Amino acid sequence: MRLRKRIVAWLAGAAAAFVATATQAEPVKISFLYPSPVADVGWAKQLDLGREAIEEKFGDAVESIVVENIPEGPDAARIMNQMVTDGAKFVMLGSFGYMNDGLRLARQHPDIAFIHASGFKQTDNFGTFTARNYEGFYLGGLAAGMVTESDTIGIVAAFAIPEVVAAVNAITLAVHKVDPDAKIKIVWLNSWFDPPKAQEAARALISQGADVLFSLHQDTPSVVNVAEAEGVYVVNTSSDMSAYGPNSVLASVINDWNDYFIESFQAALDGDFKGADFRGGLASGAVKVAAWNDDLTEEQLGTIKQAEADLASGKTHVFAGPLKDQDGNVRAEAGTTLPDQEIFGMNWLVEGVSGSLPN
Amino acid sequence: MQTITFVLAGTMLAATPLLIAALGELIAEKSGILNLSVEGMMALGAAIGFIVVMETGSYWLAFLAGGLVSTLLAALFGAVVLLALGNQVATGLAVGILGVGLAALIGKPYESKTVPPMPRMPIPFLSDIPVIGPGLFNHVVLVYLAPLAALGLWWLFRYSKLGLIIRAVGESPEASHAIGHNVMLVRLLAVLAGGFLAGVAGAFISVASTTLWSDGMIAGRGWIVVALVVFGTWRVGRVMIGAYLFGIASIAELLVQSTGIGVPSQLLTSIPYVATIVAIALLSMDGRRIRLNAPVSLGRVYREAQ
Amino acid sequence: MTRLPWIVDTRVHRTRYTALLAPCTAIAVTIVGALILMSIMGVPPLRALYYLYAAPLSGRYNIGEVLLKMSPLLLIAQGLAIGFRAKVWNIGAEGQLILGAIGGSLLPIYFNDSQSALMLPAMVLVGASFGMAWAAMAAFLRARFNANEILVTLMLNSIALQLLYYLVSGPLRDPFGFNFPQSALFPDAAMLPILVGGTRVNVSFFIALIATALAWLLVRRSMIGYKLEVGGTAPNAARYAGFSEKQAVWLSLLIGGAAAGLAGVFEVAGPLGQLQRVISPGYGFAAIIVAFLGGLNPVGILFAAFFMAVILVGGDIAQTAAGVPYALNTVLQGILLVTYIAARLFVDYRVRLRPPAPASEAQI
């Protein structure tokens, strides 16, 4: 072997070894920012499960930092900046309210990949992800229409953001498909965090005859507790809460970000991350409906599963025309479906909801 | 569940913690001490009470522990206000913030866990009355104890020597001192009693009402308690009526929404606060009435004659 | 009857030295408390100390963040302290701040493509008067109906929040924002100029300093400041002298409301750049602590606001770097104020041991 070749080989080997030790010594930092504390269940918990999925898949190659319970105000920007300063290469922003500060930071750091929950602005290194929870709630609505005996469905909702409004509409459409006479009643809490009030709202709805409740965007099992105590059914958001209401949980609409997070992080590692708008529903598995109650008959469950398969395959659509709002205006003509843009900006209620939007 | 039953039951459940804590605040204020840290004491009581049920399964122990830990916080408040002659408004805010923070810190591992609901104690015969029975007479025992406690407190202030001493100390600490009462001790005990009741009220919310703990769940109820005492012009009966009225108001908001009447919900959410302001303004309008009932030395720093 | 084993005399001569005692004690106790709490959470003391006090002051960005946080605290606390000195307890700065933010947002929302140089001054005027108007309700109810301002301002906080929710999810919502509850982004003309590149510190910091100077002049050099204090603390004496308690109430609340409203404008025209559901991370309440920690003295408040901003930013850093819960910040604020008030005993009074009492007196 000629000396030069040997030197080259040695150098190449050394370089490879150096790179290897470097990557071993310095795992890629990923940072996750949540608006609420990570509890046993809830929105932040589901995001955190996604983080754990990344850790499990990439092992020592990643090191993750979690900051929880950060309100959507001026402090969030500082925390994000801190994450970037500390060397994060992949940043997950878990609340809509982090959008503008996140975008600003993404513009300053084109080499860092950002993914942002529920937002609507994307750049090359700033992607957004949203759950098509309305698909899951449509299935929950079908089940609700099947089991209700009082023909009254009650919805406890935090704030009238488009995502929640779309869920309310999906529930209404589904319930009316099964039980056209059912009444849909709704209480807006106008509070992010007030479990006692959520429970009082749940009881108010029960007193108005509701025997199936929907708990929209409550992080705690507050409404589930009431449903269990009062003997009514409940469909909840984010996590499987059947442990809190073994008899009462009719179904849980669950967010599963694992695949999306892993794919996004892989893309960031490979250097081909592209800020896109990911809207995951039943088809992608980002929305799952689980914990179906045993009270549902085989036949009912069969109908629901069929609807699930049809929604997932794209054969049917939750917001298919003809679709009218509360005031009787046609929102989608027969034979058309509502475009995504309108679903994710929904500020009107479909025909048949009793109650109004708080604006 | 019928509407009337719900309104009654919901009112009892919403009003009970307010009433318990308001009675405590009333004792403190009658002795001349304005305690603005109720929110923090309730939060701490809620966290501790919940943890105790979680770990031991005993609800009574939970109320006791929640009450006692809040009493410790009240002791801190009392020490600063009475011994260090601190400004009561500032000290109340400070201790309140401390309580909210400690509750969040201690309760962190228990975030969003739940405990089984406390067993109810239906009152025989009464709970069988249609509509009213399940609304008023099928609750956890504290719901019945709270009005009884109010009755006891009314008797205490009206007929007992201790009540007389507390009132005297609140009216004129200097005169009370001159006739040989231990002003400091009376005030300290009043503050501790207030803290204990605030803690019990907090524990009621977490273990008997919501059956879960979460940071921020007291959500301003401690401030409502302070308002209730003014609203009730320092009279036990009126404070109690105020607590139940407030309970009804908060239930009515949700009921109106659930019947689908098209009023902006933020407006409805604001109603209890607006109502409180209006009530306070109306009640205070007649200055004499306030002066007649308000403990004269309320909020003033008292320094014992040397 | 038992007596306290010590005697408390009013301190006649207060030196600058004794005045510093209380805040220094409070800060020391808070630091010790922070170290203990953080070591319970598994953070070594030295690292904890670094996160809380050194990290916020290292690097341009972090110092900028401290100053950014300090501006609203300083501004609001100066306004509140004037009222507190007159014994007018405005604890509604949070609501007044929200109203200021709403008022300040109206112009940039309705004239979204305006580049007028008058935009910012007009926003400031509207915002400050909104904050003032919100506080004026409490002043009116107190002056006319004798209604307790503590409770009224507190209730007004809750109502202000609901008003904000209503406006951002309805009338002031961005028409092109997919109906998310937030306003359109403000035009550049409505944004406060940044002072130092690479940071978020803006002109509001200077304005807070100017407010400090004005507060100092008001307290030390003007008749109004004197009237306020007398009108609030000794209403009877004041009445003889021709000042009224009502004047003190009105003036205190209007000044406090204007300062908080101004801070609200600066939040939306500064770090936020739009009206949204969350405007303030509790500045209105933190400013109360700052006002007291500064001894209700304009210069003291300047230092108190700085210290408070440091521990708040430090708490955030500790949270990111060491996973310390957010609640630690809240606990530290509580400890800081409680110890400060307790330590004031030794500033305002002379404490000495009670001399042994004659046997006869001890029997009383």
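**Entry 1: where chains C and B meet.** I looked up the contacts first, taking contact as heavy atoms within 4.5 Å. I found 47 residues of chain C touching 51 residues of chain B. This is a predicted model, in which local features need pLDDT of at least 70 and side-chain atom pairs count only at pLDDT 80 or more, while totals for chains, interfaces and linings use all residues. Side-chain values use heavy atoms, without hydrogens or water, residues are numbered from 1 along each chain as its sequence is written, and chains are lettered from A and ligands numbered from 1 in the order in which they are written.

Next I noted the buried area, the accessible area (1.4 Å probe) that two parts lose on being put together, summed over both. Between chain C and chain B it is about 4,100 Å², with 78% from carbon and sulfur atoms.

Which elements give two or more residues to chain C's side? I listed β1 (6-10), α5 (119-145), α6 (149-168), α11 (283-293) and α13 (327-348) of chain C; helices here are DSSP runs of H or I with at least four residues, strands runs of E with at least two, numbered from the N terminus. The largest share, 12 residues, comes from α13(C).

**Entry 2: helix α11(C).** In α11(C), 10 of 11 residues are buried, among them C:Y283, C:G284 and C:A287. Those three residues are also among the ones that C:I76 touches, leaving out residues up to four places away in sequence. After the helix comes C:G295, with a positive phi near 65°.

**Entry 3: the cores.** I count as a nonpolar core a set of buried Ala, Val, Leu, Ile, Met, Phe, Trp, Tyr and Cys residues joined through side-chain atoms within 4.5 Å. The largest has 214 residues, and C:I76 is one of those with the most contacts inside it, as are B:M42 and B:F63. Helix α9 (residues 183-209) of chain B gives the most to this core, 14 residues. A second, separate core of 84 residues includes A:M92 and A:L282.

**Entry 4: chain A.** I found 11 helices and 15 strands in chain A. Its C-alpha trace spans about 90 × 45 × 40 Å along its principal axes. Of its 359 residues, 60% are buried.

Methods
Buried means under 20% relative accessible area, exposed over 50%, partly exposed in between (1.4 Å probe, protein chains only).
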